[in-house]
Amino acid sequence: MLKLMDRVDRQYILPDGKLSPEGRQAWGKLPKERKLDFHRWMVQVRTFDRRAVILQRQGRIGTYAPLEGQEAAQVGSALALSQEDWIFPSYREHGVAMIAGMPLSQILLYWMGRVEGNLAPPGVRLLPPYVPIATQMPQAMGAAWASRLKRESAISVAYFGDGATSEGDFHEACNFAGVFRLPVIFFCQNNHYAISVPFTRQSAVPTVAERAAAYNIRGIRVDGNDVLAVYTAMEEAVTCARDGKGATLIEAVTYRKGSHTTADDAARYREPAEVGEWVRNRDPIPRLEKLLQAEGLLTEAEIREWEEHCAERVEQAVKEAESSPAPPADHLFAHVYETPPPELRRQQAELLREGKRDG
Amino acid sequence: MAEKTLIQGINDGLRTALGQDAEVVVLGEDVGKNGGVFRATEGLWEEFGDERVIDTPLAEAGIVGAAVGMAVNGLRPVAEIQFMGFIYPAFEQIVTHVARLRTRTQGQYPASLVIRAPYGGGIRAPELHSDSTESFFVHTPGLKVVVPSTPSDAKGLLLAAIRDPDPVIYLEPMKIYRSFREEVPEGWHEVPIGKARKVRAGDDVTLIAWGAMVPVAQRAAHSCAERGISCEVLDLRSLYPLDEEAVIASVKKTGRAVIIHEAPKTAGLGAELAARIHELAFLWMEAPVERVTGYDVPVPMFALEDDFRPGPGRIEAAVQKVIHF
């Protein structure tokens with residue numbers, strides 16, 4: 001599996017923080033602020049993620065899907081989008097959600113089991129987390145189709161994991177996208193495991209990206225722990241989609257450092273050596289920090305300062321989420337239909353009459 | 001007003017919607033050049049073009065999933081599934097997204113779309129084409145389910161479904177697609193969702209049916225009348241929400257009810273109706289509610305179809321049973 005990881009189309013920031021020749025070109029074109037954005041967001045995302053795992057252990061949120069290790073894939077891809085674009089996430093895209101404009105407190109509220117946590121602020125075209133696997137893909141394709149039919153320049157992105165590529169919805173979405181040349185990006189974070197099942201048991205072809213050929217869409221396999229390479233690949237895919245050149249399937253090769261969710265124990269199915277290699281040598285954040293420091297764009301003190309700032313923001317979000325008043329029990333009935341049918345109104349009245357919770 | 005068959009009523013409804021509402025798109029397998037396997041979309045592709053009437057790959061989850069995305073992004077898609085027996089690949093999209101998107105997004109993305117599917121038996125279709133699993137959808141909160149039984153209702157319910165802010169499963173009784181004609185109003189014509197139709201007034205027993213079972217119930221009512229039994233026939237039209245008021249008012253008047261559906265008996269919609277009548281009109285009832293339904297077996301190949309589907313004889317027997325309880 002480690003050897004497989006090394007066969008990517010693009011790797012710009014090497015694990016030691018040095019730039020590859022192509023990377024130097026891409027890096028040179030970026031303004032300083034964007035380079036720092038990569039770092040700021042990755043640290044913010046990681047800080048949030050680590051805190052969320054602790055909150056789950058403390059019983060303050062429910063089961064949570066950690067993303068540590070996948071920050072570059074999420075931050076690099078999301079920063080290449082614009083506000084008009086549609087995002088159809090899986091359940092692990094908290095980093096993407098933050099960049100799209102979802103308040104941290106909302107993300108926490110979702111993991112507290114509150115449906116209001118799905119509510120994106122006005123103008124944020126982010127759908128709620130998709131829990132069933134791959135079902136967001138045909139929908140992203142459909143949203144892209146609608147943009148095209150309405151002659152709008154927005155594109156759509158579906159985020160999913162390697163396990164999703166085994167589902168029929170993956171095939172159907174890619175096939176439609178290819179047939180109709182739709183402005184959609186299928187962004188796979190290949191984090192190597194669908195809960196416990198390794199990618200080799202998911203797919204007989206060794207990579208996700210090569211499947212793009214079967215649909216006559218572009219396929220790019222990128223080092224998903226390299227924020228610059230991800231960002232560049234995504235920018236290209238976005239440009240293609242906006243220019244009417246159709247869909248792209250991006251495979252960002254990454255690794256989830258932890259378990260599938262806080263209810264899972266990854267030690268049961270992963271070798272410590274493999275985990276160690278990814279955690280010690282392939283982490284997306286230190287390699288960018290080394291590069292930024294070597295380029296004189298960031299100091300050790302600034303890193304610590306930013307980490308503290310992120311921790312404060314997360315604490316503020318925790319406070320906001322935890323102080324959000326509990327919804328009344330009859331919120332159950334809110335938004336099932338635009339106007340509740342009589343039977344539903346009767347059930348709602350019944351619940352209110354009974355007055356208190358029966359659990 | 002022109003006289004049309006039920007399928008022509010659907011075609012008229014789709015043409016009206018496409019003509020009057022630029023956000024409406026029709027998508028599905030064979031809906032374009034071929035005009036649909038039952039000709040529901042005949043002529044629409046020629047009239048409205050490839051971007052409004054879209055032939056898709058053969059992929060039910062893809063069709064419904066695309067429709068959800070289109071609805072999220074401001075269109076009003078009408079997705080066709082060729083037969084209800086083939087809706088199951090899209091079942092996940094329907095149950096996990098179409099039905100729940102409004103709730104999950106707290107009203108932000110209501111997934112206002114229509115899924116059309118021919119259903120039921122009686123046309124000697126091949127194996128697996130004749131399912132009548134409307135209960136799956138009635139049982140799924142967030143969906144509305146309608147079934148027309150007349151050409152005028154076919155158009156009116158379809159246009160109401162397209163305008164409805166909630167997702168609507170629109171089931172088409174294949175058996176009566178072309179069995180009779182009636183006048184269908186021109187232009188935009190809506191039949192409100194959630195309202196039953198009184199097909200025939202009567203005093204002794206209420207027959208409740210929908211779709212292709214309505215004319216069968218009418219035939220049974222006619223025979224019963226010859227024997228001096230007066231049947232009231234209700235066409236439910238809307239399976240969810242139910243017109244509970246019409247059902248209860250009728251059974252309170254007659255004191256007896258027979259429910260007729262093609263779907264298997266166990267957990268069919270008849271069970272829900274019987275329970276509802278029991279809850280709300282128990283003291284008015286002269287006899288337990290009878291159900292005349294398909295059997296709890298897979299819908300058979302057509303050699304045994306007539307033994308599976310309720311006919312007037314079984315309905316008359318049930319009427320006798322509730323009259324002589």
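The exercises below, each with a worked solution, look at a predicted model.

In this predicted model, local features need pLDDT of at least 70 and side-chain atom pairs count only at pLDDT 80 or more, whereas totals for chains, interfaces and linings use all residues. Residues are numbered from 1 along each chain as its sequence is written, chains are lettered from A and ligands numbered from 1 in the order in which they are written, and side-chain values use heavy atoms, with hydrogens and water left out.

**Exercise 1.** Describe the sheet of chain A that contains β1, and state which strands stand at its edges.

*Solution.* Begin with the order, which is β1-β2-β3-β7-β6 in an open sheet of 5 strands with parallel pairing; strands are DSSP runs of E with at least two residues, helices are runs of H or I with at least four, both numbered from the N terminus, and two strands pair if DSSP finds at least two bridges between them. Next, β1 (86-88) and β6 (218-223) of chain A each have a single partner strand and stand at the edges, so one side of each is left without a neighbour in the sheet.

**Exercise 2.** Follow chain A from β6(A) to β7(A), and find the hand of the crossover.

*Solution.* First, β6(A) pairs with β7 (residues 248-253) of chain A in the parallel sense over 6 bridges. Within this pairing, A:Arg218 stands opposite A:Thr248.

**Exercise 3.** Describe how helices α1 and α7 of chain B meet.

*Solution.* Start with the geometry: the axes of α1 (residues 6-20) and α7 (residues 151-163) of chain B come within 7 Å and cross at roughly 30°, where axes are lines fitted to C-alpha atoms, for helices over the stretch in contact, and angles run from 0 to 180 degrees between N-to-C directions. Then turn to the residues in contact (heavy atoms within 4.5 Å), which include B:Leu6, B:Ile10 and B:Leu14 of α1(B) and B:Ala154, B:Leu158 and B:Ile162 of α7(B).

**Exercise 4.** Locate the UniProt domain annotated on chain A.

*Solution.* The unreviewed UniProt entry places "domain: Dehydrogenase E1 component" at residues 40-328 of chain A, and over these residues the chain is 46% helix and 11% strand.

Methods
Right-handed = clockwise from strand over helix to strand, strands pointing away. UniProt positions renumbered as here; feature names shortened; annotations may be inferred.
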